[in-house]
Amino acid sequence: MSVAPGLHPDSWHLQTLLERAPGLQALADTLADLADEGHPIAAGTADLKFSNGLVRFQERHPDRYVQFGISEQHMVSAAAGLASTGLQPYVATFASFLALLACEQIRTDVAYTKLPVRLIGHHAGITLGFYGTSHHATEDLAIMRSVAGLTVVAPADAAQLAAALRASTAHPGPIYFRIGRGQDPDVYGPDAPFELGKAVEHGTGTDLTIVATGSMLHPSLRAAERLNADGISTGVLDVHTVKPLDEAAVLAAAERSGLLLTVEEHNVLGGLGGAVAETVAGAGSGARVVRHGIRDEYSLIGPPTHLYRHYGLDPDGVERAAREVVFSKTGPQARLAARP
Amino acid sequence: MVDHIRTAPAADAELVELIRDRALFARLETVRLISIAKTGHYASGFSCAEILATLYYGVMNLRRGEPDWPDRDRFLFGKGHAAATLYPLLADWGFFDPAELDGYTRLGSPFGDHPDMTRVPGIDFSSGSLGHALSTGAGTAMGLRMQGRPSNVYVLLGDGELHEGQIWEAALGAAHHGVSNLVAIVDRNGQSLDGPVDSVTNLEPLTDKWRAFGWETHEVDGHDPAALLTLLRSIAADPGRTRPAVVIAHTVKGKGISYMERDFGWHLGWLAEPDERAAIEELRSNR
């Protein structure tokens with residue numbers, strides 16, 4: 001569909017953005033379906049309804065939609081107010097503005113009050129590429145994870161996002177959803193099972209388990225295929241719920257493979273890698289945890305796919321990181337083997 | 001720049017008397033609770049005692065002993081540091097046992113310096129971080145309206161609190177959405193921690209600011225129960241309201257204790273036993 005008479009069909013503008021981000025369509029469509037089914041859903045955004053697709057919710061439920069304007073802090077606090085009246089509000093904006101700009105509102109008005117507000121941080125990580133660091137969120141998992149009582153979920157694709165949204169209606173407390181730009185390749189089918197707090201095993205490995213969350217599940221699965229084909233027994237654990245962490249699944253993987261590689265589109269400090277390392281160290285299992293992600297730096301400017309390649313967050317990069325840790329001379333296996 | 005100034009009809013004389021009595025009760029209880037904590041916000045509570053008493057005894061639609069009644073009017077305390085002045089009124093409404101206040105601020109008590117909705121029945125929203133309550137209040141009012149509830153939402157803001165940028169996000173948003181069941185009251189006592197509010201950062205012309213943001217504006221003497229009662233009731237009763245309303249309530253920080261009225265240092269403090277006794281005497285005699 002051309003956006004103006006005489007223009008090439010490939011030309012596009014803001015209002016057709018969603019056609020290019022099929023993964024985000026699940027956000028508004030699922031919420032609108034849930035509202036149709038009688039759930040007390042309200043949805044709002046801060047002048048980004050075409051970027052996150054909530055325009056489609058607005059079309060179906062205009063009376064339950066709120067445009068907050070470019071007032072993210074107000075939006076988060078007002079969502080808490082909406083929730084205090086019995087509604088389940090889902091409010092969405094770029095993860096950088098939600099988790100960083102409105103952090104204190106999330107802590108004080110949403111989490112401390114235990115209200116069922118659902119915060120949707122979209123375009124998380126470095127997926128906004130050359131928009132630059134102001135629009136990147138490589139800190140949000142660490143920040144949100146330290147907010148008491150807040151559940152933190154990072155779905156890997158549209159189907160898992162839909163399933164997670166559906167599951168959230170039965171959750172009494174607040175949730176931070178971390179999603180990408182709606183272009184993540186599909187991992188799950190439409191009826192994928194989803195349980196908050198329950199990690200999903202994609203095969204098990206005796207040499208290595210890759211622990212991935214959100215956008216990094218897909219490249220991790222591709223990397224694991226190659227490693228397994230090469231005789232390196234590799235499992236993948238999808239930790240879609242970063243908090244509360246499925247500690248049993250993480251410790252079982254640590255026990256089984258003795259070596260975990262965490263992969264996240266996030267700083268290696270404080271996010272998934274931090275959570276897994278804390279759990280494994282606390283259990284004293286002796287397994288090694290290596291954290292793969294953004295190494296405590298601000299991203300270069302570049303197209304997202306180029307950045308993923310640069311930071312090793314594509315299948316090649318995850319495979320490379322995995323081979324490095326498996327064949328590392330400093331791992332516990334290597335040290336044990338070197339004992340007299 | 002005053003939209004409405006009216007005096008209370010004679011029929012309300014008894015109610016005005018009750019409000020005066022409950023405002024004194026709230027001040028005396030504030031003194032008692034602070035004596036337990038050994039630190040507290042006397043002056044902030046004293047400046048809004050008549051506002052709180054007018055709302056809770058003359059304006060808000062509440063049910064005794066039913067703090068969660070869905071159709072109740074809501075009260076959000078932007079200047080949550082004055083919670084010690086509010087708790088006694090909630091106890092008086094039967095939302096919890098007044099004896100629970102004897103443990104004010106002690107380890108594990110539901111009652112802290114700032115109000116917590118998850119611990120104190122009758123607190124409609126937690127507060128403490130200035131600048132949030134107009135947003136949480138606007139969201140509450142919108143949620144009630146979405147569900148067809150008749151409730152009004154009252155938000156009491158400190159004037160120093162208006163320095164927070166989020167207040168003006170909320171002021172824009174509430175006006176844009178025509179949140180007509182929202183009433184903000186500004187406790188314009190003129191003092192914040194470091195001195196006169198307007199010398200810290202000037203707010204004037206304050207009523208013009210709210211009007212420019214699209215709010216219905218009113219000014220009132222915040223220590224005159226009859227004027228407060230008449231004004232707040234007229235706002236609630238106006239069927240043609242299409243906008244949120246703000247009431248600039250002119251008050252005196254520390255109202256009721258002569259030396260507190262003169263010295264902004266009493267934002268936070270504690271009175272040793274003989275001074276506390278004298279303060280109670282002064283409050284009673286001012287009644």
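Mentor: Leaving out residues up to four places away in sequence, Asp47(A) touches Gly69(A) and Ile70(A); two residues are in contact if their C-beta atoms, placed from the backbone, lie within 7 Å. This is a predicted model, in which local features need pLDDT of at least 70, side-chain atom pairs count only at pLDDT 80 or more, and totals for chains, interfaces and linings use all residues. Residues are numbered from 1 along each chain as its sequence is written, while chains are lettered from A and ligands numbered from 1 in the order in which they are written.

Asp47(A) sits in the loop between strand S1 (41-45) and helix H2 (49-52) of chain A. Helices (H or I, at least four residues) and strands (E, at least two) are DSSP runs, numbered from the N terminus. With 14 other C-beta atoms within 10 Å, Asp47(A) is partly exposed. The scale behind that label is as follows: buried means 20 or more other C-beta atoms within 10 Å of the residue's own, exposed means 12 or fewer, and partly exposed lies in between, with C-beta atoms placed from the backbone. Asp47(A) and Phe68(A) are 21 residues apart in sequence, and their C-alpha atoms are 7.0 Å apart in space.

Chain A is divided into domain 1 (14-178) and domain 2 (200-338), with bounds that come from an automatic or database domain assignment. The centres of domain 1 and domain 2 of chain A, taken over C-alpha atoms, are separated by 27 Å. Their contact takes 22 residues from domain 1 of chain A and 29 residues from domain 2 of chain A. On the domain 1 side, the elements giving two or more residues are helix H7 (140-145), strand S5 (151-153) and helix H8 (158-168) of chain A. That side divides into 10 nonpolar, nine polar and three charged residues. Here Ala, Val, Leu, Ile, Met, Phe, Trp, Tyr, Cys and Pro count as nonpolar, Asp, Glu, Lys and Arg as charged, and the others, Gly among them, as polar.

Next comes the interface between the chains. It puts 26 residues of chain A in contact with 22 residues of chain B. On the chain A side, helix H4 (72-84) and helix H6 (103-111) each supply at least two residues, and H4(A) gives the largest share, nine residues. The chain A side divides into nine nonpolar, 12 polar and five charged residues. In H6(A), the buried residues are Gln105(A), Ile106(A), Thr108(A), Asp109(A), Val110(A) and Ala111(A). These pack against H4 and strand S4 (118-122) of chain A, together with helix H5 (133-146) of chain B.

Chain B itself has 11 helices and seven strands. Buried residues make up 53% of its 287 residues. In strand S3 (residues 182-188) of chain B, seven of the seven residues are buried. In a regular strand the side chains alternate between the two faces of the sheet. For S3(B), Leu182(B), Ala184(B), Val186(B) and Arg188(B) are on one side, Val183(B), Ile185(B) and Asp187(B) on the other, and all are buried. Strand S2 (residues 153-158) of chain B runs parallel to S3(B) and is joined to S3(B) by six bridges; pairing requires that DSSP finds at least two bridges between the strands. Within that pair, Leu156(B) stands opposite Ile185(B).

Ile185(B) counts as buried, with 27 C-beta neighbours inside 10 Å. Not counting residues up to four places away in sequence, Ile185(B) touches Ile51(B), Tyr154(B), Leu156(B), Leu157(B), Val247(B) and Ala249(B). Ala249(B) is the bridge partner, in S7(B), of Val220(B); strand S6 (residues 216-221) and strand S7 (residues 245-250) of chain B pair in the parallel sense over six bridges.

Ile185(B) also belongs to the residues with the most contacts inside the largest nonpolar core, which has 192 residues; Leu31(A), Ile210(A) and Val247(B) are among the others. Such a core is a set of buried Ala, Val, Leu, Ile, Met, Phe, Trp, Tyr and Cys residues joined through C-beta atoms within 7 Å. Because domain 1 (14-178) and domain 2 (200-338) of chain A both give residues to this core, the core lies between them.
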